[in-house]
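This report describes the fold and the packing of secondary structure elements in a single protein. Please refer to the sequence and the three-dimensional view while reading.

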Amino acid sequence: MRATKRRDTRPEQAIRSLLHRHGFRFRVDYPIRTAAGRKRRTDIAFTRQRLAIFVDGCFWHRCPSHCRLPRRNREYWEAKLNSNAERDRLIQHELGETGWTVLRFWEHEPADSVAVIVEDTLAELLN
């Protein structure tokens, strides 16, 4: 688990590269303090528009299409991955309460379609 990157994953970098090429400027690994006083780090944040973006790994966040539990130590992994998914829901709720719009994408989603969704959401938030 130590080798798992917390930030700058390939899917995240691909999305950031497309957004940057289209002229968008954003913060990376940006900490947001919630109403409960916790700091939550986003993968990509547009601070003025209060848009938080997460790019979730299929295994670690239990993608319904791709996540397969390991055969060994199944109880441990099931509890671990379920707690990750529950934390994702909690973060989404906490950021929503503080006025942030949260977008979550899976690592297997094409970067160009993710960039289009982000751009459309930013356009909506500006109006």
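Which residue stands opposite Lys 39 in β2? In this predicted model, the residue opposite Lys 39 is Arg 33.

## The sheet

The sheet is open and consists of four strands, arranged in the order β1-β2-β3-β4 with mixed pairing. Its edges are formed by β1 (27–33) and β4 (101–106); each has a single partner strand, so one side of each is left without a neighbour in the sheet. On average, and with direction ignored, neighbouring strands are turned by 45 degrees against each other.

β1 pairs with β2 (residues 39–46) through six bridges in the antiparallel sense. The pairing of β2 with β3 is antiparallel as well and comprises three bridges; here Phe 46 has Leu 51 of β3 as its bridge partner. Six of the eight residues of β2 are buried, so this strand is largely enclosed by the rest of the structure.

## Hairpins and positive phi values

Five residues separate β1 from β2 in the hairpin that these strands form. Within this turn, Gly 37 has a positive phi of about 90 degrees. The hairpin of β2 and β3 has four residues between its strands. Arg 50 lies in this loop between β2 and β3, and its phi is positive, near 55 degrees, in a residue other than glycine. With a relative accessibility of 33%, Arg 50 counts as partly exposed.

A positive phi is also found at Asp 29, which is not a glycine; the value is about 55 degrees. Asp 29 belongs to strand β1. Its relative accessible area is 11%, under the 20% limit for a buried residue, and Asp 29 is therefore classed as buried.

## Helices on the sheet

Helix α1 (residues 10–21) lies across β1, β2 and β3 (51–56), and runs at about 45 degrees to β2. Helix α2 (residues 74–97) also packs on the sheet, where it touches β1, β2, β3 and β4. The direction of α2 makes about 75 degrees with that of β2.

Helix α2 contains Trp 77. This residue is buried, its relative accessible area being 17%. Trp 77 and Pro 64 are separated by 13 residues in sequence, and their C-alpha atoms are 15 Å apart in space.

## Packing of α1 and α3

Two packed helices are described by the angle between their axes and the distance between the axes. For α1 and helix α3 (residues 111–126), the axes come within 9 Å and cross at roughly 55 degrees.

Classified by type, the contact of α1 with α3 has eight nonpolar residues, two charged residues and no polar residues.

Note on methods: Residues numbered from 1 in each chain as written. Predicted model: local features only at pLDDT ≥ 70, side-chain atom pairs only at ≥ 80, totals over all residues. Heavy atoms only, no water. Pairing = 2+ DSSP bridges. Helix = DSSP H or I, 4+ residues; strand = E, 2+ residues; numbered from the N terminus. Axes fitted to C-alpha atoms, helices over the stretch in contact; angles between N-to-C directions. Contact = heavy atoms within 4.5 Å. Nonpolar A, V, L, I, M, F, W, Y, C, P; charged D, E, K, R; others polar. Buried < 20%, exposed > 50% of the residue type's maximum accessible area, 1.4 Å probe, protein only.
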